Amino acid sequence: GADMEQCLHIALAFHDANGTYARHAGVTLQSLFSHTSARICARILDDETLCESNRANFLSIGQRFDQQFLFHSVQLPKPAQEMAGNRLTKGTLYRLLLPSLMPATVDRMLYLDCDMIVELDVAVLWKIDLGGAPLAAVPDEGIAQWSAAERLAVQRLGTVFSMPDCC
């Protein structure tokens, strides 16, 4: 409804095969909620590895901060599943599904990695004028250390997810 349209849409994505990664996302979300005054709609992209107790923990965090959660159950396209490995985990690739998961009423999304601490009001980032660009990102300095084959695999992801050239 109208409440959803007036909130900051924040997304996190992860694959939690061992059941231990959700706690990192929980810390990220608590730091986000503690430092952001605006209404937030937190969108969790998860798969079958998110257990019910961790899902309940997220909902509890949302209630404590009076913030909203939506869970998006995701699965990678088969070619992307084959690319998932050490550097490009399933959780890393899930963020590429965001454009196809969001309703037309959501015209902006802020993606956060699950292993970060938020120390500012993200409304500051939300208000940045992107000048018509479809996205803004920071460089991942680690990619420079990847092999040519690994960088090529990332470029091939653009065809799997119908994205423009990257990297």
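## A buried aspartate

Asp-16 sits in the loop that links strand E1 (8-13) to helix H2 (22-35); helices (H or I, at least four residues) and strands (E, at least two) are DSSP runs, numbered from the N terminus. This is a predicted model, where local features need pLDDT of at least 70, side-chain atom pairs count only at pLDDT 80 or more, and totals for chains, interfaces and linings use all residues. Residues are numbered from 1 along each chain as its sequence is written, and side-chain values use heavy atoms, with hydrogens and water left out.

So what surrounds Asp-16? Leaving aside residues up to four places away in sequence, Asp-16 touches Tyr-21, Ala-22, Asp-47, Thr-49 and Asn-54 (contact means heavy atoms within 4.5 Å). A polar atom of the Asp-16 side chain also lies 2.6 Å from the backbone nitrogen of Tyr-21.

## The whole chain

Stepping back, the chain has eight helices and four strands. Starting at the N terminus, the order is α-β-α-β-α-β-α-α-α-β-α-α.

Of its 167 residues, 37% count as buried (under 20% relative accessible area, with exposed over 50% and partly exposed in between; 1.4 Å probe, protein chains only). Among contacts with a separation of 6 or more, 75% join residues 24 or more positions apart.

## Leu-120

Over in the loop between strand E4 (110-111) and helix H7 (123-126), you'll find Leu-120. Is this residue buried or partly exposed? Leu-120 counts as partly exposed because its relative accessibility is 43%.

Note on methods
Polar contact = N/O pair within 3.5 Å; in protein donor to acceptor, adjacent residues only side chain to side chain.
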